[in-house]
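Work through the exercises below with the coordinates open. Each task is followed by a stepwise solution.

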Amino acid sequence: MADVLGAFEQAVLLAIVRLRDEAYGRAVLKEVQTRLEREVAAGAVHATLARLEQKNLIASRLGPGTTIRNGRARRFYRLQPSGVRALNDSRAAVDTLWHGLKWPLKGHV
Amino acid sequence: MIQPPRWAEAVLRVLMTPEDAETISGDLIEQYRDSVFPSKGRLRADLWFIGQVLGFAWRETWGWVLLFSALGVGRDALDWFMPPTDFLIRSAVTTYSAISLFVLCGMFAAYRTRSLRASVATGLVVSLFAAPITLGGILLMLAIWHDPQTMSAIAHSGGLHEVFSLPIFMGIPAIILALVGGLFGKAAASIFS
């Protein structure tokens with residue numbers, strides 16, 4: 001089994017999957033906030049992206065900036081094969097934990 | 001076009017590697033203009049931006065901040081609860097430990113960013129973050145232990161004035177020491193990278 005991913009790491013990786021070629025820092029942050037339905041600090045997302053890149057689960061490249069960001073470059077992220085494996089393993093682990101239980105749980109089981 | 005506080009952006013850029021400074025400040029400016037300013041207005045958007053910068057600064061320096069705060073609180077705890085017979089030795093140990101911490105944090109900052117400005121900023125940020133944490137720790141100790149014996153030990157070690165003023169006045173020494181460390185860090189970066 002690959003690295004066990006935390007919930008926030010999964011949220012960031014899945015945001016990159018959803019955004020495809022548009023997965024740069026700000027877009028990933030926006031997507032994570034939308035999915036988690038809460039405010040998330042930009043620093044938390046950037047720290048997670050840096051950690052995932054260090055673990056070789058994602059790779060990045062620099063792309064051109066836009067006027068709204070004063071022309072500052074954007075860092076675009078994409079999943080590495082090990083990142084795909086890690087996400088699949090994480091999903092499989094959760095499915096195994098829930099196997100045989102009916103969701104949502106109701107009352108005392 | 002609306003601009004976030006320039007000083008906050010400068011702090012952010014100086015603490016990061018050149019690549020991260022470019023992309024991360026771009027992300028923050030985009031978010032500031034695109035969603036925060038339209039929904040919150042100028043003042044709250046500026047406060048949001050400053051908060052984000054402080055968050056990044058904390059993530060870059062928290063290890064040094066906690067080490068330095070622990071050293072400050074530990075120094076006072078030692079003086080209060082196990083008063084040394086020879087303050088010269090205690091003073092030398094804690095002073096040189098503090099010097100080493102600031103030199104090392106300046107060195108690592110310059111090694112990582114190849115910039116002396118980063119080491120200066122890191123030294124200042126560490127001392128600014130550490131001051132309230134250290135003062136909080138000292139106040140907590142004082143709230144729990146304020147018996148005559150402890151108060152006498154405090155008076156003999158320099159008094160409450162020294163206890164409370166030292167963490168606040170560390171900014172300038174921190175900048176100078178981190179700059180010294182930065183010189184080593186930058187030299188090391190040019191040799192080994």
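**Exercise 1.** At what angle do α4(B) and helix α7 (residues 171-192) of chain B pack, and how far apart are their axes?

Solution. This is a predicted model: local features need pLDDT of at least 70, side-chain atom pairs count only at pLDDT 80 or more, and totals for chains, interfaces and linings use all residues. Residues are numbered from 1 along each chain as its sequence is written, chains are lettered from A and ligands numbered from 1 in the order in which they are written, and side-chain values use heavy atoms, with hydrogens and water left out.

Step 1: Helices (H or I, at least four residues) and strands (E, at least two) are DSSP runs, numbered from the N terminus.

Step 2: take the axes. These are lines fitted to C-alpha atoms, for helices over the stretch in contact, with angles from 0 to 180 degrees between N-to-C directions. α4(B) and α7(B) pack at about 145°, and their axes are 7 Å apart.

Step 3: assign the hand. A crossing is left-handed if the near helix is turned anticlockwise from the far one by less than a right angle, and right-handed if clockwise. α4(B) passes α7(B) in a right-handed crossing.

Step 4: list contacts (heavy atoms within 4.5 Å). Residues of α4(B) that meet α7(B) include Leu116(B), Val120(B) and Leu124(B). Their partners in α7(B) include Ile175(B), Leu179(B) and Leu183(B).

**Exercise 2.** Describe how α3(B) meets α7(B).

Solution. Step 1: the axes of helix α3 (residues 87-113) of chain B and α7(B) come within 6 Å and cross at roughly 40°.

Step 1: classify. That makes α3(B) oblique to α7(B). Angles under 35 degrees count as roughly parallel, over 145 as roughly antiparallel, 65 to 115 as roughly perpendicular and the rest as oblique.

Step 2: the crossing is right-handed. Among the contact residues are Phe102(B) and Tyr111(B) of α3(B), with Phe184(B) and Phe192(B) of α7(B).

**Exercise 3.** What pattern does chain A follow along the sequence, and how do α2(A) and α3(A) cross?

Solution. Step 1: chain A has four helices and two strands. The pattern is α-α-α-β-β-α.

Step 1: the axes of α2(A) (residues 25-36) and α3(A) (residues 42-54) come within 10 Å and cross at roughly 110°. That makes α2(A) roughly perpendicular to α3(A). The contact includes Val28(A) and Leu29(A) of α2(A), with Val45(A) and Leu49(A) of α3(A).

**Exercise 4.** Find the backbone exceptions in chain A.

Solution. Most residues other than glycine have a negative phi, and most peptide bonds are trans.

Step 1: Glu37(A) has phi near 55°, a positive value in a residue other than glycine. Glu37(A) sits in the loop between α2 and α3 of chain A.

Step 2: a cis peptide bond joins Trp103(A) and Pro104(A), with omega about -5°. Pro104(A) is found in the segment after α4 (81-98) of chain A.
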